[in-house]
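Here are some notes to read beside the model, written for someone opening it for the first time. Please keep the 3D view at hand as you go.

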Amino acid sequence: MTLNFDMGADAARLRGELRQLIAEHVPAGYLGAFTDDPADLEVAQQFCRTLAERNLLCLSWPSEYGGGDASVWEQTVVREEMWAHHEPRGAQYMGVNWVGPIIMRHGTEEQQRTHLPPIARGEVIWCQGFSEPEAGSDLASLRTFARRAGDNPTGWLVNGQKIWTSYATMAQWCFLLARTTRVGDGGVQRKQQGLTVFLVPMDRPGIQVRPIRTMMGPHHLNEVFFDDVPVTEADVLGTVDDGWSIVQDVMSFERVGIARYARCERLLALAPQVLGEHWDALPAELHGRWARMLTHCRRARLLAYRVVALQAGGQVRPGDAAAYRIAVTRLDQDSAEVLMELVAALPPGDSADRQAAEYFRAEVEDHWRYSQASTVSSGSIEMQRILLSRAMLATGKAPR
């Protein structure tokens, strides 16, 4: 029996179109939007507008929301090609992959009219107000609190702090999770109860953003402080005090929405070409680990496709998303170590070869930096194992 990842002729044409657009609109040497050069962010913003003009940014969204009515498999092709080429959509993948779909599932008609068209046009950037200094992997322990604003029955004032908030310096909107009822009050017995999601403009009074400088470059990580930030019923996504059910959906969409395996596979497949005649001189043990990583790429891809298929059928199962997340995180880090050993063997070469080799080295180093953070982003690997274990105990078998 063989495993065939071929999605058919339409998907192949779509891949070709996307690669052509990347070649035409993304400069050589591009390593993502979030560098010290502001021009890289503008490349991403313009590329998103280019995709939107061709109805490719939110390809699988319903046309009524600005999408292309395509299948989730065509959207998967977009994810793979974008991530394989250093995500030239920049921060827009967040709105496309999960903010928009979650608003479709849980938002009011007014929220859908307000938020979905700008995302589909590539005009708005979102950030996620989840993690806190003492509530990262254990998100339900968050302390940011929304208290009723005096005698106003439809308004709250939000106070608290979020941390590790990607893109907060550039975002126009925040997908904010806050506690609205304390445990022990109003029938709330568990910390997963009494939480509410708010859709909050980042220019609202009382919001302060402080960047956190890291080896991944600017814009990625920030602290966000909320000081009596006003929110209303119109900002509530879903039902007050029932935000945890939305969080579960968010995590399942978010964890499979980034096709990390696609970048790993492209870099691994490119290595023999870049090393040329020096490839055969590498140790057999390194060749073996390189081949093993390609196998692991296919495993992660298969797990991702399983979750995509389940979501296409209206199912969102945290255990399946966790299994994929574990596999792709291990792949990220293990492949990065192999690739770093490969670039150490790069020869100087002539000027043309040197340019290609140095870009490959920069790509691998960028991949390595991201891999170090992948253990904790979108939920720590330990929490993914807990989620998977719970799913296995509940069903009596592991996700297949």
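The points below go through aromatic pairs, charges over rings and nonpolar cores.

1. A word on the basis: this is a predicted model, where local features need pLDDT of at least 70 and side-chain atom pairs count only at pLDDT 80 or more, while totals for chains, interfaces and linings use all residues. Numbering runs from 1 along each chain as its sequence is written, and side-chain values use heavy atoms, leaving out hydrogens and water.

2. The model holds 9 aromatic pairs (Phe, Tyr or Trp rings, with the six-membered ring taken for Trp, whose centres lie within 6.5 Å; planes under 30 degrees apart are stacked, over 60 edge-to-face, the rest tilted). Trp73 and Tyr305 are edge-to-face, because their planes meet at 85°, with centres 5.4 Å apart. Trp73 belongs to helix 3 (residues 72-84) and Tyr305 to helix 8 (residues 284-312), 232 residues apart (helices are DSSP runs of H or I with at least four residues, strands runs of E with at least two, numbered from the N terminus).

3. How exposed are these two partners, Trp73 and Tyr305? Trp73 is partly exposed at 30% relative accessibility, whereas Tyr305 is buried at 10% (buried is under 20% relative accessible area, exposed over 50%, partly exposed in between, with a 1.4 Å probe and protein chains only).

4. Trp126 and Trp173 make a stacked pair, 5.7 Å between centres and 25° between planes. Trp126 is in strand 1 (residues 126-129) and Trp173 in strand 4 (residues 173-179), so the pair ties together parts 47 residues apart in sequence. Elsewhere, ring pairs join Phe34, Tyr93 and Tyr167 into a cluster.

5. Do look at Arg182, which lies over the face of Phe145 at 3.8 Å from the ring centre (the test is NZ of Lys or CZ of Arg within 6 Å of the ring centre and within 35 degrees of the ring normal).

6. Trp126 returns in the largest nonpolar core: among its 75 residues, Trp126, Phe175 and Phe198 touch the most other members (a core is a set of buried Ala, Val, Leu, Ile, Met, Phe, Trp, Tyr and Cys residues joined through side-chain atoms within 4.5 Å). Helix 4 (residues 92-106) contributes the most to this core, 7 residues. A second, separate core of 34 residues includes Ala262, Leu267, Ala271 and Tyr305.

7. Finally, visit Phe360 in helix 10 (residues 351-373), which is buried at 1% relative accessibility. Leaving aside residues up to four places away in sequence, Phe360 touches Leu267, Leu270, Ala271, Val274, Leu339, Val343 and Leu346 (contact means heavy atoms within 4.5 Å).
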